[in-house]
Amino acid sequence: MTEAADLLLTNAEVHTLTRPDETHEAVAIRDGRIVRVGDAYELNFLAGVDTHTLDLGGRVLLPGFVDAHTHLDVVGRKLVHADLSTAGSRADALDALRERADAVPDGDPVLGFGYDESTWETAGHLTRRDLDAVDAAGPVVAVREDLHVVSLSSTGIERFGDDLPEAGVRHEGGEPTGVVVEAAAEAVLDALAPDESGTERLLRAAQEHANERGVTGVHDMVRRSHAPRVYRDLAAAGELTLRVRLNYWADHLDALVETGLRTNHGEGPVRVGAIKTFTDGSIGGRTARLSSPYADAPDERGGWTVGPEAFQDLLDSAGAAGFQVAAHAIGDVAVGAVVDAYADADPATVRHRIEHAELASDAAIERMADLGVVASVQPNFHRWAGESGLYADRLGDRRTETNRLGRLADADVPLAFGSDCMPLDPLVGVAHAVDAPTDAQGLGVTEALRAYTLGSAYAGFDEDRLGTVEPGKRADLVVLDDSPWTADDIAAVDVALTVVDGRIVHEAL
């Protein structure tokens, strides 16, 4: 006799996102796994006395979204502190910081996250002078969306300035502007890192936010953080509603090796992922390593955060210890250098990744395909690639060479989508991929959804467990109110249901 299902999702438009995509009407789940996919009438026979049956009213059911590159604590910080990502002007950002200042005790830092000055009428990062206009007894700190730039008030410079690497502190007329980049920005973020209870607060807020957007798994980039412990504690308490792959920063490598860990270690929802490192910076900060000068700074081509020789040493050490490597590389020179370093690796065992790969050249793309290197990319970065805006300012005509998702897919480069929390919302990313500035930068709906499901699962060695709706796979699913194949605005489609391991973690039916 066939066992009854625990959860039966019926009267749906089920897309398996296999190759080719198949459509069905119902999904039956037992013990956290998909046991049957098919006709609603037939699957109804799997309904027992204790089966929870949900009629989805014709809604679209997909594999759960896996965000292959995010910083979940930063998502939490936007929710807990001042969210500057929606600020449409410098004045809006300062108003949000003033509102936050009213809520913190005197002397405590006033923190804001996610500002993007490229959309403002007045150009330039927030400066010391801007932030000094916020009435606060403690330092005011505003973090740019890319995390490569931090802005400090005068009090912030006084508190943190002595501990910042001078190369990352920008000056004008001999005085610090309040803008710090790269290693100096990292130092500020490290100094402001929350304690364990603070980290738990951030991650609880962020996971709820993620579940509401159909996210069932994340590849979280963690560094000197309490997040790994908090995730495991939440999992032990049955309160973790995401699958988490911990991509540890390179300065954790020695400790990880000493404890005997390697990529894919772990049981349950928390597993060890890759070793994460930078090679260059960002386009917004003019620190991505380019072969040609920036359009708005003819003497600048960016630089190395971790140069090719140091990166090769790290790669050799990580590979020897059984770790996948995830290398941040944005400029064409940086992407090329990472591909060169990966040339001797075995893709069948390590499955190395390039995070962002924004200005990958044609030659680099072909070599990535040949080597099986995963392109872990962020389609929402297309927001800056229009005829006017950040990339037009920084790169001129080369804006159309950024994030060539279609070109990567045509070359058969393994493609994984993430958000870099700008914002954490897969349907926003899918919308940007589908409505890209040029054909070479775009993907169709099906391939964009695959990159956010099966592609991200593959990047995390999880393609046998996750990423498609098939019997035997874990029941990580998302249900959408409207079809992304027919919706006028994919980004506006609402998430009706999110299921992780057969458990409903978000419901808005």
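**Burial, charge and salt bridges in a predicted model**

Biologist: Where is the place of His125?

Modeller: This is a predicted model, in which local features need pLDDT of at least 70 and side-chain atom pairs count only at pLDDT 80 or more, while totals for chains, interfaces and linings use all residues. Residues are numbered from 1 along each chain as its sequence is written, and side-chain values use heavy atoms, with hydrogens and water left out. Helices (H or I, at least four residues) and strands (E, at least two) are DSSP runs, numbered from the N terminus. On that basis, the place of His125 is in the loop between β10 (110-115) and α4.

Biologist: Does His125 count as buried or exposed?

Modeller: Buried means under 20% relative accessible area, exposed over 50% and partly exposed in between, using a 1.4 Å probe and protein chains only. Leaving aside residues up to four places away in sequence, His125 touches Arg90, Tyr115, Glu117, Asp130, Arg144, Val149, Ser151, Arg170, Val179 and Gly284, where contact means heavy atoms within 4.5 Å. Because its relative accessibility is 13%, His125 counts as buried.

Biologist: Which residue forms a salt bridge with Arg383?

Modeller: A salt bridge is a side-chain nitrogen of Lys or Arg within 4 Å of a carboxyl oxygen of Asp or Glu, and here the closest N and O atoms are 3.5 Å apart. Arg383 lies in the loop between β20 (374-377) and α13 (390-395) and its partner in the loop between β10 and α4, so the pair ties together parts that are 267 residues apart in sequence. The partner of Arg383 is Asp116.

Biologist: Which residues are linked with Asp116 and Arg383 in a network of salt bridges?

Modeller: The structure holds 34 salt bridges. One network of them contains Asp116 and Arg383, and the residues linked with these two are Lys78, Glu117, Arg144, Glu145 and Asp146.

Biologist: How many residues of helix α2 are buried?

Modeller: Helix α2 spans residues 72-80 and is mostly covered. Its buried residues are Leu72, Asp73, Val74, Val75, Gly76, Arg77, Lys78 and Val80. Of the 9 residues in helix α2, the number buried is 8.

Biologist: How many residues apart are Arg204 and Glu200?

Modeller: Arg204 forms a salt bridge with Glu200, with the closest N and O atoms 2.9 Å apart. Arg204 counts as partly exposed because its relative accessibility is 33%, and Glu200 counts as partly exposed at 31%. An α-helix has 3.6 residues a turn, so residues three or four places apart point the same way. Both residues lie in helix α7 (residues 196-212), about one turn of the helix from each other, and their separation is 4 residues.

Biologist: How many residues apart are Arg407 and Asp362?

Modeller: Arg407 forms a salt bridge with Asp362, the closest N and O atoms lying 3.2 Å apart. This pair links distant parts of the chain, with Arg407 in helix α14 (residues 405-410), Asp362 in helix α12 (residues 362-371), and a separation of 45 residues.

Biologist: How far apart in space are Ile157 and Gly38?

Modeller: Ile157 lies in helix α5 (residues 154-160), where it touches Arg128, Leu152, Pro176 and Gly178, not counting residues up to four places away in sequence. Ile157 and Gly38 are 119 residues apart in sequence, and in space their C-alpha to C-alpha distance is 61 Å.
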